[in-house]
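Hello,

Here is the structure for you to look over.

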Amino acid sequence: MDLKINGANHQVDVPDDMPLLWVIRDVLGMTGTKFGCGIAQCGACTVHVDGIAIRSCQLPVGTVGGRAITTIEGIGDTSAGAKIQKAWIELEVIQCGYCQPGQIMSAAALLAANPQPDDDAIDAAMAGNLCRCGTYVRIREGIKHAARA
Amino acid sequence: MRIRRVLVLIAGAIVVAVAAIVGWMVFQPGPYAFAKGSPVDLAAYKGRPPTGVPPELAHADAATRGEYLIRMADCEACHTAKGGSRFAGGRPFVLPFGTIYTPNLTPDPDTGIGKWSDAQFLNAVHKGIAPDGSHYYPAFPYASYTMLTDADVLAIKAYLFSLKPVHQANRPNTFGFPVNQRWLMAIWARLFNPDHRFRPVEGQSEAWNRGAYLVEAAGHCGECHTPRNLLQALDQRRKFAGGVAEGWNAYNISTDRNDGIGDWPPDDLAVYLAAGHAKGRGVASGPMGEAVALSLAHLTKSDIAAIVTYLRSVPAMASGLPKAAGPAPATPKLANIDNPVGKRLFEGNCVGCHAWTGAGAAADHARLTGLRSVNDPSAANVVQIILNGRGKPGTPKPYMPSFARSYSDAEIAAVANYITARFGSTPSKVTPADVAAFRKEN
Amino acid sequence: MPPAPEAATGLPRRAVLYGGAALTAGLLIGIELPWGAARADEAVPAGKRFNAFIHIAPDDRVTFTLPAVEMGQGVYTSQAQCIAEELDVALDAVIAAHAPPDQANYGSPVFVVQATGGSTTTMAWSGPLRKAGATARAMLVAAAAARWRVDAGSLTTESGVIAHGPSGRSIRYGEVADAASRLSPPTEIKLKEPAQFRLIGKPMHRIDTPDKAAGKTVYGIDRMLPGMKFATLMASPVLGGKVGSVDQSKALAVPGVAQVVVLDDLVAVVAGNTWTAMQGLNALAIEWAPGTNAGLDQAQLWTNLEKASLGPGVVAKRQGDAPAKLRDGDVFEESYELPYLAHAPMEMTNCTVHVHDGGCEVWTGTQVPGFAQTGAAKALGIAPEKVTINNHMIGGGFGRRLEVDGVIKAVRIAAHVDGPVKVTWSREEDIRQQLYRPLYHERLKARVENGRIIAWHHRVTGGSVMAHWLPPAFKDGIDSDAVDGATEVPYAVGDRLVEYIRHESAVPVAFWRGVGPNGSIFAMECFLDLIASKTGVDPLAFRRGMLDGTPRALGVLNLAADKAGWGTAAPPSPFGTRRGRGIALMNAFGSFLAAVADVAVSDAGDVRVTRLVIAADVGKVVNPDILEAQIQGGAVFGLSAVLFGKISFAGGQVEQGNFNDYRILRIDEMPAIEVHVVPSTADFGGIGEPGTVVTQPAIANAVFAATGVQLTRMPIDRALIAKGA
Ligand code: FES
Ligand code: FES
């Protein structure tokens, strides 16, 4: 099976129903994308498929086909992703950081689709991403900061 | 005097009316009386026998055949408690008049059926009579099983006797008066159990007859999908127009094009029955999810095809459900739905799989738009699946977690109403009290 | 009047309790460690170690080996700030490395053992680390002075460069590192005055952020090794149960499954990747032998605890004769109960192990590398020296990684596996098989006379964490942590008796962000509101009247109340018509915090916190930006706990399993949070936990104000505050 991840082609030999998360992490060794719950309740595993934020723990790899996958390792190459990462560093959003690849992927997808998100839109895009360290105040500020950039 | 006469007349009229109503309920058409052709005794039937295992398994060993038959009759779902040993019983069913617990079917001599003779087992399955002579409650679908052949029933018994005995005492039910009067059940059986074996219909295809045997005798589909009358018997005049199972709506499976499965392509129907999901059709959950997992998924292709053939012959029966709404817009602004709690829960807990559009984020089985349950103004099944979830995490099969434990009645009502308002044709008006009642169902 | 808690010695109370001789443990200047012991993620070039903490390479690369572990609380940055401040290097030039197990060098001055927790890092380590930095700087300067034959006093340092003003010469640290390391460390060290600080007290950017934002940080769960296998496990769902029987063939039939490891209490499946291992585990039908806890039930656990709380207790603090005064007069009494809680850090328990050649190598993220080492060694029956621990960045600790059950289980599994194996727990396993915040029963009694409390009795009942975690800290029947927050209080409450009753159930217990004060302070702050309400006084005024002796406490209380607009009504909210405002104060971990919470309560009893105002006096501050983040994050942790947090047992099994039923606050449920910091020159206080501690009673008090119902068992039970309930 061929996968297009962050612009590069990867060949993997895995069952169709294996979630993309585990293909990325264990088979390809790209560990930036995180396992947090496995049931689409935490958002730690968020990647983009053709620019849409999707929980990779629920995405059977066989359904991806030729669509473009972007992970945290590649999101800095998009303009929205770079803005979010910069804002995250400037505002020191991150604590333990484990949830943050997912937060950044969700925030980047939001910003790409909606360059000036209001609080309601931020809630809608980010509520699926849990942060046990409680960085929510700064995530909200970070998105607004990035939107101004 | 005149007054007395009038009273007598009125009383007489009432008696006649009651008798008529009872008669109407009692003298019903048989489950497949709709079919053209003439039912004949099995022995007289000229086609391939519709009973037993399918031809593919004709030469399998007895254990395989017994297991297949017990899957056909789906005994496991009811006779296994959550987290308990298979067939050891103890699963509670909450009925309006109390809770009933299924009995132990393992061959344990003291608590199971280890001491039962063949005749006793046949008597139980065909007539609903226990070895001690008492009558079972019709929660046990013997009025359907009565159509199973002796050979099939005894093959099931043989299979059960091959299992490891589990020592687990049966729990008494909690019914109060008058339902606790078991002799009433004898009357019920007299009225509603035809007590005769399956009669194939000459003039229908072999597949149809096999399907009828699978659906009516073994699968007992009507027990959930056919509405019941006041005496708790299936209302065959409204066959497959939809019923209720453990608080879940068991939807109309007649061939009505809007309310039932009339517009389902046969392939969709077959895939749904075998796998629990067909594209755009949602995922079999709750009791139907169990029926798929424990019974239908184990049937052969030819048997599934036979079921489809039979189901597609059942007359259309409307049940007044609205037409499903089309796709929903993606906007989180939410089309003026004034339900902030529902929106909040949806965006936090649901969007990950179901997507803002309700079209399913990662997989089609998470689609909400177009589903019967989402377009059901009662939202019963929406509430049920939020409360109960489905499946097991960490497998490739469709899974949804249960939100019962940490979300309040008000929250669950709000999100159910939000979902039907956004993705269905008619917004539901589930109240926190409704959710509390649903919680008690299971 | 009780002595102000901060008065004593300038050291945190716990340090005084059992720090003792260990206070010098971190300062073995000049000892050469083999570099291999402290593995950084990057290879470090040959160079010189100045002490256990500082290594300077010839190419000027400066590596700090940091004793306290980074799990999000920012201590890599704050510790590095302390060293770099005195060493005079730029913060962004520093490489941070995890300390290996080595109690002599990295044992905490507070705990003796090597542990990060209890909000102790800054108070424990800022001194030793600054000294280490200053010592190394002095040695570098001395070496340069010797080379140039000038007086050391004439040299200045900045950003890793030593300069001689008069001659205009300069030299980089790397150039003199070798010579400097041969000198013996000076005996007299002078630290900088606060006025000279360039890093300490400044909101420096965190050194771990850029990698984390890029997804490059390698957590334990991300460790990849050549030839590694992947495993997942399931232990008996019933607490303490054993494996009865298991038919391995079903798992082995899953393509890609390599092996099933069956131990007495757990089953693990080993495969080519974690997903396949999970499929193998799912395929297994395991028969468990549930053992003696199969009847364990939450209601019973509560009843047993309450029975135990009837006493008698061990006296933790006695001042005057409270029981005598509590015999008559206006006496108030109430008990508060706190549930079991899981830590649920986003990075679930995981550990990679390679057992080979009579030894064992471990890759994981742990708050206690020493315990991990001894635990692994014991599990294998080998000497601790044979165990190497490679520590990692931690994806959230909160106390979960003060325990090494995950390391021990992984080691036991790996002992049966050929080659390295990464054992990853599912979220369900992590929630169901961990050690929990103890169930607490807090019984309080007070007598009020003329609007003042004149006698006070506080009895804490619960499981002891210290008893297994640090036995020396469980002395004379008292768990020093469980009564923390009760023995020393900021308020003048007259005669006092504080008692402790250890009551263990079958449920294993652990520290949980906020530790003992989470219970004791929650109870005290709720109880004060109860008394205020019953005596008809304003909760703020009531508290103020008892704080004459503790100006720092009064300061934060007034600040929080001012900023929150105490006395005005909480603003309307779409989430509920009943509105309330609550206040709470906390003094623990060497810090003072006050919080004001606004809540809206719906008719159905759902609580929405709409605003939190927190004022903090934590003494001197190393990094004010991290301080603010810790208070915000701590508050969110407290919010989740008070609104939703609950682990309960039925049939000996934990009823929760994942975020669907162990609910964590989401961004769209967040209140606005304002943090106000009081500038202070008092000693460094802890800040990882106070936000969690102070938030919970503030919310409970706000709910009380909104509904007139004081809830005494957490988390909030909506049924009890539904309209008309
Ligand atoms: S791991 Fe996919 S959402 Fe949590
Ligand atoms: S930063 Fe630690 S979980 Fe979000």
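C:Glu337 and C:Arg713 form a salt bridge, with their closest N and O atoms 2.8 Å apart. (A salt bridge here is a side-chain nitrogen of Lys or Arg within 4 Å of a carboxyl oxygen of Asp or Glu.) C:Glu337 sits in strand E14 (residues 330-338) of chain C and C:Arg713 in the loop between helix H19 (690-707) and helix H20 (718-721), so the pair ties together parts 376 residues apart in sequence. Helices (H or I, at least four residues) and strands (E, at least two) are DSSP runs, numbered from the N terminus. C:Glu337 is buried at 9% relative accessibility; C:Arg713 is partly exposed at 36%. Buried means under 20% relative accessible area, exposed over 50%, partly exposed in between (1.4 Å probe, protein chains only).

This is a predicted model: local features need pLDDT of at least 70, side-chain atom pairs count only at pLDDT 80 or more, and totals for chains, interfaces and linings use all residues. Residues are numbered from 1 along each chain as its sequence is written, chains are lettered from A and ligands numbered from 1 in the order written, and side-chain values use heavy atoms, leaving out hydrogens and water.

C:Asp265 and C:Arg412 also form a salt bridge (2.8 Å, N to O). They lie 147 residues apart. C:Asp265 is buried at 17%, and C:Arg412 is partly exposed at 22%.

One salt-bridge network links B:Arg344, B:Glu411, C:Asp606, C:Arg663, C:Glu669 and C:Arg718. The count over all chains is 69 salt bridges.

C:Cys526 is buried, at 1% relative accessible area.

Best wishes
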